Amino acid sequence: MQNSFIARNPSVLWFLAALGLFTFGVTILSEATGLGLISTSFVKTLGKTLCLCLIAIAMDVVWGYCGILSLGHFAFFGIGGYAIGMWLMYARTETIVLESLAGQNIPATPQEISDAIGNQIFGVVGSSDFPAIWAFADSLVLQLAMVVLMPGLLALVFGWLAFRSRVTGVYLSILTQAMTLALSLYLFQNDSGLRGNNGLSGLQNIPGFEATPQATISIIFFLASAFALGAGYLFFAWVISGKMGSVVQGIRDNEARVRFLGYQVESYKLFIFTITAIVSGIAGALYYPQAGIINPGEIAPIASIYLAVWVAIGGRGRLYGAVIGAAFVSLLSSWFTGGGAPNVNLGFYTIQWTDWWLVLLGLSFVVVTLYFPKGIGGLFDYLVRKPS
Amino acid sequence: MPTLLEVSGVTVSFDGFRAINNLSIQFPPTGLRAIIGPNGAGKTTFMDIVTGKTKPDEGHVIWGEENVSLLGLSESDIATRGIGRKFQKPTVFEAQTVRQNLAMALKNPRSPFAVLTHRKTAENAAKIEAIAEEIGLTDSLTRIAGELSHGQKQWLEIGMLLAQDPRLLLVDEPAAGMTVEEREKTTDILRRAAETRSVVVVEHDMEFVRRLDCKVTVLHEGSVLAEGSLDHVTSDQTVIDVYLGRGHA
């Protein structure tokens, strides 16, 4: 069964092989496990890029295959990040607090410990009480469940309301923008319970592994991200192959016709929207421990728009296109905005790429949309002639 | 003869315009029926009502032996109960192969979970082959539907309808844009389909209706003007006045 699936989708095997090779290469060149030619911070950048590739394939499935231009999938990514961040921050603060209280003659009561942790975490927003949403923060297992459940539930409720009312096209896009904006604005408030604009920080420190150097932690997260991307790719490739893929692409091309064939279009959209939201949440949960910090700005509406741009440039309607787009554009973006690109002196004006990168990105988006609707991934069509 | 679909006293208004006015019409479980009428007579609206796209203001639409009311059911629900619809413009999934198009239409469980875990079976493959044979696309099964000629797309869509195995087929202008040979073939497909199910053809083209050689219902201003054989309705004075007369003037 598995063999025939791979045989029918040779690009899956090619992708997994390329990903494996890349992962292997980075591992033997990294500081922790190899020659030390790749710095720890760059390993983190690559690991984060893999997470962005993972959310990009989710975006490709929901937009490129199902035709739902969601401009809110970064909300799910952020929720995944917050969910894991709560445990990371709680557990680490707990360790610190316990250490500092250990020297006292009278052992601290559980209440005192809890107050001290609360004070440490929420002092920055002038509070020391644990909000209700932190109820499970002391349990890794429960917070990991939240990584999956919270984005899934939000997508389920939002999607059910939107699809049931037959909101489609640009109206749905606007609605998803409103969702991520509302979530972002809510989290910006100090009394939202997630430290307002400070967000959650120190996430690169993994509780229980204080003695482990960041070089090692970075490569572990890199490998985990690569594994997640591979598994996500395989999962989505399976979902969109076969009859499900037929129906989903049918919905993209002619929703009404699918309905008259007897398919409940709304259920299919809800299914696709929800599974892609869950995968986005998982991608976020892997991304933020590598980034070290998450704040509400991460889920501002613009983030989800960038996501759509990556997928469009990479080539929507093919999973590897989304991966290429996300990796290429986000790495290029950090090169340009990180001062990697030399400024261009025109004599009368100096082009500073930190300012002009967005203009370049915007232009390439327009050019790709107008002249290369298949994106970078479309180039593969010239290399491989599809057997009909 | 028992009735498969009964539409009675249906009225629909759009912004005060009565597209369908107290329309009553019945269809038996098998056989062909042609519905003709000038533009704006309510032919397409009638199909929209039966398939659940438009909700009528008044009236009843009763389906099958159990006399289920179709009003208030969703399009997909009505489709799975056995009503198939072919649109005027051929609407097939152009990015997919002929086989995929037919496989999607084939009568099988429609829930996302059932579709996700769907496995190809020899039985389904045989059904697809049989339908492809019927619509003359056996050699084109692996072709992308977008590459087909206009006539082939029309047949593919009819094939998709047959794959759904509906009890009632609503077919909107199947012969539009077809050559004479293609029309003949289309007529044959529809005739054969009508042996086991009810086939309703909405058509402008009198020549094609004559070829179908079946009972004809003339619609005018949203209600039935005349019903009977083509010769009977074309000799009816009111029909000549409102439809044919205007057409020949």
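Q: How many residues does helix H8 of chain A have, and what distance does H8(A) reach from its first C-alpha to its last?
A: In this predicted model, helix H8 of chain A covers residues 214-240. At 1.5 Å a residue, a span of 39 Å is expected, and the computed value is close to that. Helix H8 of chain A has 27 residues and reaches 38 Å.

Q: Is H8(A) roughly parallel or roughly antiparallel to H11(A)?
A: The two helices pack with their axes 10 Å apart, at an angle of about 165°. Angles over 145 degrees count as roughly antiparallel, so the arrangement of H8(A) relative to H11(A) is roughly antiparallel.

Q: Which residues of H11(A) make the contact with H8(A)?
A: H8(A) passes H11(A) in a left-handed crossing. By class, the contact has 7 nonpolar, 3 polar and no charged residues. H8(A) contributes A:Phe221, A:Ala224, A:Ser225, A:Ala228 and A:Gly232, while the residues from H11(A) are A:Val279, A:Ile282, A:Leu286, A:Pro289 and A:Gln290.

Q: Which helix gives the most to the side of chain A that touches chain B?
A: On this side, 21 residues of chain A are in contact with 22 residues of chain B. Helices H9 (242-253), H10 (255-260) and H11 of chain A each supply at least two residues. The most, 8 residues, comes from H9(A).

Q: Where in chain A is confidence lowest?
A: Chain A averages a pLDDT of 91, and 98% of the residues score at least 70. Confidence is highest in helix H11 (residues 265-291) of chain A, at 97. The lowest mean, 68, belongs to helix H1 (residues 2-8) of chain A.

Definitions and conventions
Residues numbered from 1 in each chain as written. Chains lettered and ligands numbered in written order. Predicted model: local features only at pLDDT ≥ 70, side-chain atom pairs only at ≥ 80, totals over all residues. pLDDT = per-residue confidence, 0-100. Helix = DSSP H or I, 4+ residues; strand = E, 2+ residues; numbered from the N terminus. Contact = placed C-beta atoms within 7 Å. Expected span 1.5 Å × (residues − 1). Axes fitted to C-alpha atoms, helices over the stretch in contact; angles between N-to-C directions. Parallel < 35°, antiparallel > 145°, perpendicular 65-115°, else oblique. Left-handed = near helix turned anticlockwise from the far one by under 90°. Nonpolar A, V, L, I, M, F, W, Y, C, P; charged D, E, K, R; others polar.
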